[in-house]
Amino acid sequence: MTLNLRGAFAIFRNELMRMFRTAFGSILSPVITTSLYLVVFGAAIGGRMELPGGVGYGAFIVPGLLMLTLLTESTSNASFGIYMPKFTGAIYELLSAPVGVAETLIGFVGAAAVKSLILAAVILGTAALIIDYQIAHPLLAFFYILLVSATFSLLGFIIGLWATGFEKLQIIPLLVLMPLTFLGGTFYSIDLLPEPWRTVALFNPVVYLVNGLRWTFLGQSDFPIALSLGATMAFLLACVAVIGWIFNSGWRLRE
Amino acid sequence: MTHLAKRLQIGGGWPTSRFMHEPILDICGLEKTYKGGVQALKGVDLTIRRGEIFALLGPNGAGKTTLIGAVCGLVNPTGGTIAAFGEDIRRHWKRARQKIGLVPQELSFDMFDKVIRQVRYSRGMFGLPPDEARIEEVLRSLSLWDKRDAQIRELSGGMKRRVMIAKALSHDPELLFLDEPTAGVDVELRRDMWRQIDALRARGVTIILTTHYIEEAEEMADRVGVINKGQILLVDDKDAIMAKLGRTEAHFMLASPVADVPAVLSSYPLHLEEEGRRLVYRGGDGTGKGKREVAELAQIMAREGIVFTGLDTRDSTLEDIFVDLVEGKLENAA
């Protein structure tokens with residue numbers, strides 16, 4: 001069936017405009033929060049800490065903090081993006097228009113992912129003013145940030161479809177993603193954890209995401225980059241499969 | 001032309017005979033059972049003709065919105081088939097939806113967005129290239145051009161409803177669903193809305209509207225369907241319904257009470273009320289037969305010296321017929 005590219009672009013543009021209408025809260029706020037972490041943990045405390053391999057602590061936490069922001073913001077933006085039309089009833093237009101799962105994902109998830117990329121660029125630019133850091137593999141870092149943004153925008157989209165109230169929108173980002181990211185090596189290498197906590201940490205999927213991004217920045221991490229990339233792509237495909245099922249079955253859409 | 005069009009002298013150029021009989025939508029055995037067991041549609045059969053205004057009447061919970069939702073993609077039917085523009089809507093849903101517009105009952109949009117942006121968004125979502133001239137035409141036709149840069153939340157309720165219509169018209173649909181288009185709007189705005197709907201029909205748009213207001217159906221529709229408890233009770237031309245189910249009721253107040261209906265009047269559908277003081281006629285149809293018979297009765301009574309001191313007559317309306325249908329008083333209507 002022919003892809004309605006104009007329809008996909010209309011959704012994409014509409015979503016981006018909606019996000020930029022609330023740019024103060026959705027871009028400035030996470031940038032300020034991340035900058036504060038960098039100032040306190042990176043510049044103030046981190047300046048007195050040394051890590052194996054001669055990596056500065058500030059440079060060590062930049063990818064971790066970036067991942068923390070990417071996960072929470074991608075998820076929140078995409079979930080809010082699809083939940084609002086459900087809440088206001090405007091979803092009728094999406095359901096009655098000649099747009100299917102592909103156009104919807106390009107529109108909603110694409111816009112959320114693009115916003116995350118913009119956010120990542122602003123955060124990295126701000127971090128450069130506070131911390132001295134390098135990106136060892138810039139192209140791979142870009143690809144990895146794009147992959148994580150898209151994957152967690154897909155997760156956010158699922159959450160937005162699943163949610164039946166505003167409270168549920170916040171449950172996953174605040175009660176699951178943020179704790180897992182904090183415990184996933186944002187501020188430390190899991191090699192520094194004593195047993196059995198190191199083994200427990202291996203069951204935290206965010207550990208692999210943080211370490212993947214850290215590898216692209218520092219050229220070293222607790223796990224091989226291939227493992228992180230593979231796990232993220234597998235999660236992305238799982239999200240696409242779930243969304244495909246939702247659109248086919250009409251769950252929470254056409255009930 | 002509808003009554004309103006005749007009064008307003010619009011829509012006269014629309015060619016009726018050939019196109020009006022071509023089906024644009026064919027619904028067959030449509031069923032919908034919601035999770036929890038509520039059966040909203042029970043084998044609905046309905047054919048809509050190109051170019052007509054079809055009014056779907058029914059009380060709350062009759063299945064009107066579910067029926068519209070099933071055609072427009074908002075509801076997954078559990079049985080039956082829908083063909084639009086000659087094609088199965090499930091298999092060729094993208095093609096079908098490009099030609100269908102929907103104005104739902106609820107005012108549903110991003111209230112913080114501007115009017116013109118929302119209309120552009122709708123047009124784009126239906127796969128059409130930007131066309132500022134067409135957007136301007138749509139907004140002007142709905143008296144929204146001056147408000148194009150206003151946030152939707154700043155508009156009055158009537159204007160918001162017009163924005164909904166503008167969005168639905170932005171992709172030039174051939175088939176337009178209006179779900180309770182005048183619910184909750186004042187009389188003046190309702191008449192304005194009717195004018196807009198008739199102008200759309202004059203441009204060749206087929207319109208299906210659901211309504212609680214029988215007056216609306218009487219004014220606007222070429223054909224009327226009555227739905228109740230998920231079943232279509234009746235579909236026919238409005239005039240045919242009136243002819244088939246319309247009745248005239250006349251009350252003759254007699255100067256002197258009588259024990260029985262006089263023999264000379266026995267061929268008419270008459271009975272006595274109020275201990276023989278009131279002679280009641282119930283008969284005729286929607287073609288004027290009832291009024292003729294009442295006139296004949298008056299002449300016969302004058303000739304035969306049956307004196308009456310007062311006469312009340314009343315023709316049944318579409319509303320009477322609708323109420324009788326829904327309450328099950330007209331068993332063989334369909």
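The model is a predicted one, in which local features need pLDDT of at least 70 and side-chain atom pairs count only at pLDDT 80 or more, while totals for chains, interfaces and linings use all residues. Residues are numbered from 1 along each chain as its sequence is written, and chains are lettered from A and ligands numbered from 1 in the order in which they are written.

Two packed helices are described by the angle between their axes and the distance between the axes. Here helices (H or I, at least four residues) and strands (E, at least two) are DSSP runs, numbered from the N terminus, and axes are lines fitted to C-alpha atoms, for helices over the stretch in contact, with angles running from 0 to 180 degrees between N-to-C directions.

| Helix pair | Angle between axes | Axis distance |
|---|---|---|
| α3(A) (residues 57-88) and α9(A) (residues 205-218) | roughly 135° | within 9 Å |
| α9(A) and α10(A) (residues 225-249) | about 125° | 8 Å |

Angles under 35 degrees count as roughly parallel, over 145 as roughly antiparallel, 65 to 115 as roughly perpendicular and the rest as oblique. By this scheme α3(A) and α9(A) are oblique to each other, and α9(A) is likewise oblique to α10(A). A crossing is called left-handed if the near helix is turned anticlockwise from the far one by less than a right angle, and right-handed if clockwise. The crossing of α3(A) with α9(A) is right-handed, whereas α9(A) passes α10(A) in a left-handed crossing.

Two residues are in contact if their C-beta atoms, placed from the backbone, lie within 7 Å. Where α3(A) meets α9(A), the residues from α3(A) include A59(A), V62(A) and M67(A), and those from α9(A) include L209(A), L213(A) and R214(A). In the classes used here, Ala, Val, Leu, Ile, Met, Phe, Trp, Tyr, Cys and Pro count as nonpolar, Asp, Glu, Lys and Arg as charged, and the others, Gly among them, as polar. The contact of α3(A) with α9(A) has 10 nonpolar, 1 polar and 1 charged residues. In the contact of α9(A) with α10(A), the residues from α9(A) include Y208(A), N211(A) and W215(A), and those from α10(A) include I225(A), S228(A) and T232(A); by class this contact has 8 nonpolar, 4 polar and no charged residues.

The loop between α9 and α10 of chain A holds F223(A). A residue is buried if 20 or more other C-beta atoms lie within 10 Å of its own, exposed if 12 or fewer, and partly exposed in between, with C-beta atoms placed from the backbone. F223(A) counts as partly exposed, because it has 18 C-beta neighbours inside 10 Å. Leaving aside neighbours within four places in sequence, F223(A) is in contact with Y208(A), N211(A) and S228(A).

**Annotated stretches and a cis bond**

An unreviewed UniProt entry annotates several stretches of chain A as "transmembrane region", among them residues 91-111 and 142-163; such annotations may be inferred rather than shown by experiment. Over residues 91-111 of chain A the chain is 81% helix and 0% strand, with its end C-alpha atoms 17 Å apart, while over residues 142-163 of chain A it is 95% helix and 0% strand, with the end C-alpha atoms 31 Å apart.

Most residues other than glycine have a negative phi, and most peptide bonds are trans. The peptide bond from E195(A) to P196(A) is cis, with omega near 10°, and P196(A) is found in the loop between α7 (166-182) and α8 (197-201) of chain A.

**Chain B and its side facing chain A**

Chain B has 11 helices and 14 strands, and of its 334 residues 39% count as buried. Its C-alpha atoms fill a box of roughly 80 × 45 × 40 Å, taken along the principal axes.

D172(B), which is not a glycine, has a positive phi of about 50° and lies in the loop between α6 (157-169) and β7 (175-179) of chain B. E274(B) also has a positive phi, near 50°, and counts as exposed, with 12 C-beta neighbours inside 10 Å.

Between the chains, 24 residues of chain B are in contact with 23 residues of chain A. On the side of chain B that touches chain A, α4(B) gives the most, with 4 residues, and the residues of that side divide into 12 nonpolar, 7 polar and 5 charged.
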